[in-house]
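Hello,

Here is the model I promised to send over. Have it open while you read, and my notes on it follow just below.

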Amino acid sequence: MNRLAARVMLDRLVSALVILCVMLAAIPVLILLVFVVIKGLPGMLAPGFFTDLPHPIGVPGGGVFNAIIGTLVIVGIASLVAVPLGTLVGIFLSEFGRNRVGDAVRFVSDVLTGLPSIAFGIFGYTVLVATLGHFSAISASAALAVLMLPVILRATETALVLVPNALREGGLALGAPRWRVTMQIIVPAALAGIVTGALLAMARAAGETAPLLFTTLGNEYLQLNPGRPMGALSLTVFKNALVPYTSLQDQAWAAALLLVIIVSVTNILARVYVRRVQR
Amino acid sequence: MQTEIAPPRVRDENPKIKLDAREVNFYYGDFQALHDVSLAVQDCKITALIGPSGCGKTTFLRIFNRMHDLVPGARANGEVLLDGHNVLAPDTDVIQLRRQVGMLFQRANPFPKSIYDNVAYGPRMLGWSKPRVDEIVEESLKDTGLWDEVKDRLRRSALNLSGGQQQRLCLARALAVKPDVILMDEPASALDPIATLRIEELMQQLKKRYTIVIVTHNMQQASRVSDFTAFMLMNQQRAGELIEFGPTDDIFNRPKDNRTEDYITGRFG
């Protein structure tokens, strides 16, 4: 065989291998999605799923209204704390963190990323629940905020480091102070990456169950006071999946599907927004 | 925020000298990059810095507006007088200095914003009023010959412009803060011959009002555009030294130093 033919063969072989790997990675995710849709759709289409509170076990029907509100409130409060803080720390790391302080922050954040999520639950329990004397949504938000923080700050740092240095020099050469160049030129240039990181963190927080078990505990009734225990979609999935009633199991599937939808829709909306801003 | 255009000027004895570098030594950590460079840049003239790669031209250029502050471990000794005030003095207001000494880079670096916002960035930062900013944007774009090309799409992204247009936009952005001096670091090295010509024509117009210092690898360019030329070389310790400085005509036609002649005639470098 001549050399050219050998190279063409090798090229095809590697291409085929790459496609195979992509399929291996994508297929399980697709199967998972399809499965959740098939299993979740009937429960979601059942009357009252979005608007009713859970019914007592054995009583047919009922919905997850309390859990939807709970997830939105808990993740909302957590994001309100973690997104601004994480973004600012990420800016610090990228623009002013080439030193010991920056390295220390990076190390701590990497350790936090590797921590199992139940540890954040125990943190929330010890620091807030035990101190306040009762379970509450706000302690869940605190636990989730700590969980989100490293994801957001590393994503922000990565996005900012990718902004070409030429832009920093261009701004500084006009006589702009460092903070102005950072906030008005560098951060907007990296906005897509920063928003993606924040959303990834929010998506992860919305799906977490373990930290919530120790902090917000769950609630079968609608609760709007973050100082009290609240339900959450991930808790609904966890509890109803373990119960031997098919109607409740259907509700668990539907709640899982709803989580997937909430996360995807937020992602898509944010991407559309970022694209529009950057044009 | 200050809104004055320029500080009161303290002139040298010689009114024609705008920038005066005196025995400048420059270090990156332990490595000496410039050795005793002295050079006087005349007001409203174009001064070209030429020499082989690594001879310290760009390093020298970036001292004039203290861009070297951004490099950790970089430091300069000696004096660089701008209108008689030592730029290297610790009490120099670097922000004010960079407004007075603008810079154009090797690769066009427009901000990922609209054409208008790019030029308006400096004036807005200085807190100038909206009508005044509008006026300056138009004036700066006209000065760089871009106005007619972009006046209908000022709100569109600057990144859609061609390479030559982007470089002229960066020039307009630098002009908008009303500098006295413009430093150019191989401003045309990434441009095609026609875009290069545009930049060179602009330089001839701009030198009526601005002092220009340009680093270039292109010797034809140096001989075409500049009034004065400085030739630099690395010495034995790899530090840059000024070999010869004088009117461009003398440097190219009657060089005093053999090394200048060898370089210019293409015998090395």
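Ile69(A) lies in helix H2 of chain A; helices here are DSSP runs of H or I with at least four residues, strands are runs of E with at least two, and both are numbered from the N terminus. Because Ile69(A) has 17 C-beta neighbours inside 10 Å, it counts as partly exposed. The cut-offs are these: a residue is buried if 20 or more other C-beta atoms lie within 10 Å of its own, exposed if 12 or fewer, and partly exposed in between, with C-beta atoms placed from the backbone. From Ile69(A) to Arg180(A), 111 residues along the chain, the C-alpha atoms are separated by 39 Å.

Two notes on how to read all this. This is a predicted model, in which local features need pLDDT of at least 70 and side-chain atom pairs count only at pLDDT 80 or more, while totals for chains, interfaces and linings use all residues. Residues are numbered from 1 along each chain as its sequence is written, and chains are lettered from A and ligands numbered from 1 in the order in which they are written.

Chain A as a whole

Chain A has 11 helices and zero strands. Along the principal axes, its C-alpha atoms fill a box of roughly 70 × 60 × 35 Å. Of the 279 residues in chain A, 41% are buried.

How H2(A) meets H10(A)

Staying with H2(A), which covers residues 65-96, its axis comes within 7 Å of the axis of helix H10 (residues 233-241) of chain A, and the two cross at roughly 135°. For the terms, axes are lines fitted to C-alpha atoms, for helices over the stretch in contact, and angles run from 0 to 180 degrees between N-to-C directions. On the H2(A) side you will find Ala67(A), Ile68(A) and Thr71(A), and they meet Leu233(A), Leu235(A) and Thr236(A) in H10(A). By class, this contact has four nonpolar, two polar and no charged residues. Here Ala, Val, Leu, Ile, Met, Phe, Trp, Tyr, Cys and Pro count as nonpolar, Asp, Glu, Lys and Arg as charged, and the others, Gly among them, as polar.

Thr71(A) turns up again as a partner of Ala206(A), which is also in contact with Val75(A), Leu259(A), Ile262(A) and Val263(A), leaving aside neighbours within four places in sequence. Ala206(A) sits in helix H8 (residues 191-207) of chain A, and it counts as buried because it has 22 C-beta neighbours inside 10 Å. Val263(A) is 57 residues from Ala206(A) in sequence, yet their C-alpha atoms are 8.0 Å apart.

The nonpolar core

What joins residues into a nonpolar core? It is a set of buried Ala, Val, Leu, Ile, Met, Phe, Trp, Tyr and Cys residues joined through C-beta atoms within 7 Å. The largest one has 151 residues, and Leu144(A), Met148(A), Ile152(A) and Ala255(A) touch the most other members. Helix H5 (residues 137-161) of chain A gives the largest share of this core, 17 residues. Beyond four places in sequence, the contacts of Ile152(A) include Ala82(A), Val83(A), Gly86(A) and Ala198(A).

Where the chains touch

The contact takes 15 residues from chain A and 22 residues from chain B. On the side of chain A that touches chain B, H6(A) gives the most, with six residues. That side of chain A divides into nine nonpolar, three polar and three charged residues.

Some spots in chain B

H6(B), residues 163-175, reaches 19 Å from its first C-alpha to its last. The expected value is 18 Å, the span being 1.5 Å times one less than the number of residues. H6(B) is mostly covered, with 12 of its 13 residues buried.

Which two spots have a positive phi? Asp36(B), in strand E2 (residues 31-42) of chain B, has phi near 45°. Asp83(B), in the loop between strand E4 (74-82) and strand E5 (85-86) of chain B, has a positive phi of about 50° although it is not a glycine. Asp36(B) is partly exposed, with 15 other C-beta atoms within 10 Å, whereas Asp83(B) counts as buried with 20 C-beta neighbours inside 10 Å.

Best wishes

Conventions:
Contact = placed C-beta atoms within 7 Å.
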